[in-house]
Every structure is written in C-alpha cells, then in structure tokens.
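This report looks at a ligand and its surroundings, then at some backbone features. Please view the sequence and the structure below before reading on.

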Amino acid sequence: MKGKILDKIFSQMPASVMDVARRLKQSGYAVWLVGGAVRDHLLGVTPADWDFSTDAPPEAVLKALSPPYRMVTFGLSHGTLLAVTPDGPVEITTWAFNGQEGLRKDLERRDFTINAVAVGYPDGALLDPFGGLQDLVAGRLRGVVDPLERFREDPLRPLRAARMVSRYGFRVSPKTEAAMRQAAPWLGRAAMERIREEIWKLLSGPHVMASLDLCRRSGLMAVFLPELLEGWRKKQNHYHRHDIYRHTLLSVHYSPARLRVRLAALLHDISKPRVRQKIRGIFRFYGHEKRSAQMSSEILGRWLAPKRLTEEVVTLVANHMVHSTDAWRDGAVRRLIHRVGEPLLEDLLDLLRADRLAHGIDEPSLEAVERLRVRMRRIVEEKPPLTRQALAINGRDVMAVTGVPQGPKVGEILTEAFHMVLKDPSRNDRTFLMDWLKRRSAVQENALFETGAAR
Ligand code: ATP
Ligand code: MG
C-alpha cells in the first residue's frame with residue numbers, strides 16, 4: 001500500500017486539533033496521525049479522538065503547544081503528553097529516536113495492527129508496517145508482531161481486543177486468540193478503572209454478543225464477571241429456549257446500545273443459577289430479581305461504577321419481572337412508575353422487550369410491552385402524583401392534625417396517603433386529605449379508647 005495518500009482525513013480534524021498539528025510542524029518536526037483516528041477514518045467512521053506521534057522531544061512539544069494549551073505530562077515516562085484543547089484531549093507520543101525508525105518503534109508498541117497505521121501530516125503519506133490496512137479490509141484483529149508479548153506488557157490488551165470486536169465485529173486471528181487465552185488471567189493486574197472503561201465500551205458496541213462470547217472462550221469473563229459463567233449450559237424452563245448464559249447475551253444484544261440498559265440486561269438474571277430450584281419437575285427461579293439486584297450492586301461496586309449508575313441499574317434489575325400488564329389497573333402501573341422513577345421508564349420498557357425477545361420462543365409478548373409503553377406515556381402526561389413530594393399534604397400536616405409526634409409514624413401515615421393517591425389520583429386534594437387525616441385519627445383514638453376500656 002506504499003504511496004497511498006490519505007490527506008482527506010485531515011479535513012475531518014477539528015480546528016484546535018489541526019492547530020496542534022500545525023504548531024508542531026511549524027516548529028520543524030515531523031507529525032504523524034496514529035491510532036484510533038486513522039482506523040476509524042479508514043472504516044468510514046468519524047474519529048472520536050486524535051492521537052499524534054512526533055519526533056519532537058517532550059520539551060519541544062511543550063514549547064510549541066503551551067501556551068495556548070494546557071499540557072498533561074503524567075504519561076511522560078512512556079513519552080506521551082496530552083494537550084487539552086477545546087475539541088478534547090490530544091495525545092502526543094514522542095520518540096526517542098530520529099527519523100522514521102522512531103515512528104516505527106512507536107507503532108510497534110501499539111496493541112493491534114489496525115491501531116498501528118500512521119498518516120503523515122500534512123501530506124497524507126501512509127505508513128503501515130504491520131499490514132493494518134489489509135486487516136481492516138479483511139475485518140481481522142491481530143496483535144502487533146507477537147501478541148502474547150504485547151499482552152504481557154499490558155494485561156488490559158486482551159480486553160481491548162474484545163472491545164474492538166464489539167465495536168467493529170472483527171474476527172480475532174487464531175494466533176491472537178490463543179494469546180488471549182493465555183493472557184486472560186493477567187487481566188486482574190490491570191487497574192480496575194481501565195477495565196471498567198473497556199467493559200463500558202464493549203457493552204456499547206453493536207457486536208456485543210460476539211464480544212462477550214469471546215470473553216467467555218478466552219477466559220476474560222472468568223476474571224471480570226465469573227457469575228455469568230455459572231449460567232453456562234444451565235437449562236431453564238418451557239418459557240425459555242436458551243440456557244441462562246445465552247439468554248443473557250441475547251438480552252444484551254436486543255437492548256439498545258445505551259450503557260445503562262445494557263448493564264441491566266447483562267445483570268438482570270445474574271442470580272438465576274444460584275436460586276434455581278426444581279419444583280414438580282420444572283425449574284423455578286423464585287425471587288431471582290431481588291437477588292440479582294443485590295448481586296448487581298456488588299458487581300457494579302467491584303467495577304467502581306458511579307454510584308448513581310449503580311442505583312439505576314439495580315432499580316431496573318429489581319423491577320424487570322413485569323408481566324400480564326394488560327390486566328393491570330392504572331393504579332398498578334402508577335405504582336410501577338413510582339418504584340422505577342420516570343427517567344428510567346424507557347430503559348425499563350426496552351429491557352422488558354429485550355428480555356422477551358431473548359426467550360427465543362415463538363410469540364414473545366412484544367405487543368404487550370408496547371401497549372404498556374403507550375399507557376405509561378399517557379399516565380405520565382396526565383401528571384398524577386407519582387412521587388411523595390407531589391402529595392398534597394406533608395409531615396407537618398400529619399403532625400398538626402393527628403398529634404403524632406415527629407418520627408417514623410409520620411412517614412408511615414404519609415405512605416398510606418400516597419398509596420391511596422396512587423390508586424386514585426383524584427384524592428390528591430388537600431381538603432380531602434386533611435379530612436382523611438382527621439377521620440383516620442378519630443378512628444384510631446376510638447380504637448385506643450375501646451381497647452383501654454376493655455381492660
Ligand atoms: P477509542 O475509539 O475508544 O478512542 P482508540 O483505539 O483510539 O479507541 P485509545 O485508548 O484512544 O483507543 O488509544 C489510542 C491509540 O493508542 C490506540 O489506537 C492504540 O494505537 C494505542 N493504545 C491505546 N491503548 C493501548 C494499550 N493499552 N496498548 C497498546 N496500545 C494502546
Ligand atoms: Mg482514541
């Protein structure tokens with residue numbers, strides 16, 4: 001592929017990234033675009049971030065770029081600097097050697113051939129010493145030179161391979177997959193934050209099923225999600241065509257590519273192998289949604305997921321057993337909306353849909369999910385009180401009317417009122433509720449009086 005010119009890529013570059021390249025060039029150094037941007041451009045995808053490689057020594061890079069850019073230098077031991085631009089951070093790798101030999105060495109240190117292609121700035125000359133372009137065309141993922149060596153240097157790389165598979169649907173070359181199997185147990189040595197970022201990206205890719213199964217085959221899953229392996233070949237019941245493991249992968253696959261709902265799909269049945277019971281010849285999974293919610297919380301904690309995301313995923317998992325909703329009264333739908341919270345409803349519905357599709361039986365009740373979606377939208381638009389804050393009375397009212405002192409009892413009474421209002425929103429009327437409080441405390445006083453009198 002010698003002589004190929006790829007200067008078109010530079011027209012996609014945001015202004016400040018271009019400015020970085022120009023400044024380095026004008027200082028008299030060679031500048032090459034490398035890594036993900038080249039790969040994505042060749043695949044017809046708009047690059048997300050931009051990495052350069054240059055023969056400028058670190059001091060010269062700093063001098064050329066700062067000011068105007070803030071520079072992050074913590075990667076300097078590997079020769080990398082980060083320029084913080086309005087268009088995002090730009091990674092700049094500096095070489096210890098002069099000439100193209102230095103660039104080659106830089107590319108050699110990268111993980112996969114498809115990430116080790118360089119394009120010269122501004123002429124667009126292509127440097128592809130490891131056949132990355134051919135691999136891109138063939139849809140093949142290969143480690144640079146000796147994959148096992150590459151994995152030894154950085155135990156995260158096998159997981160990066162799985163992430164590339166999820167994003168691009170590439171096939172891993174046999175040699176690289178064999179190296180992955182050998183290197184998988186080392187993943188535990190990588191920093192959890194780095195592992196988490198790769199899991200997030202892996203889950204958001206279109207080929208997530210192939211990727212997760214690669215994780216299982218290679219042994220990566222045994223490191224980051226051994227719980228899911230417990231469902232491998234574990235049969236379910238007549239509602240399901242697939243074993244627990246496969247059902248889970250399909251649920252992720254059928255979920256839209258948003259992290260939160262994909263995480264929920266990944267974890268919604270995670271406890272099933274542990275709660276499975278055979279009752280009169282049929283496997284049952286009583287309480288699995290609660291147990292899965294607990295396990296989800298543990299797993300997400302282990303992955304250092306943000307607290308808010310963890311809570312949301314746990315809520316989705318805990319509420320995924322929603323069935324026969326056509327027979328529900330509006331009050332029951334309002335209770336579900338209250339439990340899950342409005343911002344999570346679309347994710348919950350998408351999860352329900354994905355879960356049903358993943359049962360693999362002939363007639364999944366998808367229409368019922370869509371009817372529930374329409375109904376939830378209608379109910380939300382009616383603006384009924386769906387949270388405790390929307391209740392027309394508060395704790396002070398309860399204390400004033402009933403004489404109950406501050407404490408948990410006040411909350412209990414409010415909960416009672418709230419459930420009444422969820423059932424019938426027309427009762428969320430201050431006059432009605434104050435009256436209800438009065439009647440309620442009168443009844444209780446009588447009850448007390450009577451028990452007292454009976455003594
Ligand atoms: P993304 O599209 O998610 O940014 P990317 O491939 O650009 O994917 P980055 O983490 O931005 O990934 O890394 C940029 C480039 O740096 C990669 O394409 C690769 O060449 C190299 N690289 C990144 N991480 C590693 C690593 N752990 N080992 C070797 N090379 C790496
Ligand atoms: Mg990148």
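Which residue has a polar side-chain atom 2.7 Å from an oxygen atom of ligand 1? That residue is Arg 167. This is a predicted model, in which local features need pLDDT of at least 70, side-chain atom pairs count only at pLDDT 80 or more, and totals for chains, interfaces and linings use all residues. Residues are numbered from 1 along each chain as its sequence is written, chains are lettered from A and ligands numbered from 1 in the order in which they are written, and side-chain values use heavy atoms, with hydrogens and water left out.

| Protein atom | Ligand atom | Distance |
|---|---|---|
| Arg 167, polar side-chain atom | oxygen of ligand 1 | 2.7 Å |
| Gly 36, polar backbone atom | oxygen of ligand 1 | 3.1 Å |
| Arg 160, polar side-chain atom | oxygen of ligand 1 | 3.4 Å |

On its own, ligand 1 has 580 Å² of accessible area (Shrake-Rupley method, 1.4 Å probe), and the protein covers 85% of that area.

Around ligand 1 there are 17 residues (each with a heavy atom within 4 Å), and those that come nearest are Arg 39, Asp 154, Arg 157, Arg 163 and Arg 167.

Helix 2 (36-42), helix 7 (157-168) and helix 9 (192-203) each give the shell at least two residues. Helix 7 gives the most, with 5 residues. Helices are DSSP runs (H or I) of at least four residues, and strands (E) of at least two. Domain 1 (7-137) and domain 2 (139-224) each supply at least three shell residues; the domain bounds come from an automatic or database assignment.

The backbone has some features to note as well. A cis peptide bond, with omega about -5 degrees, joins Ser 66 and Pro 67. Pro 67 is in the loop between helix 3 (58-65) and strand 3 (70-72). Another cis bond runs from Tyr 121 to Pro 122, with omega near 0 degrees. Leu 304 is not a glycine, yet has a positive phi of about 60 degrees. Its place is the loop between helix 16 (288-302) and helix 17 (307-318).

Conventions
A polar contact is a pair of N or O atoms within 3.5 Å; within protein, one must be able to donate a hydrogen and the other to accept it, and residues adjacent in sequence count only if both atoms are side-chain atoms.
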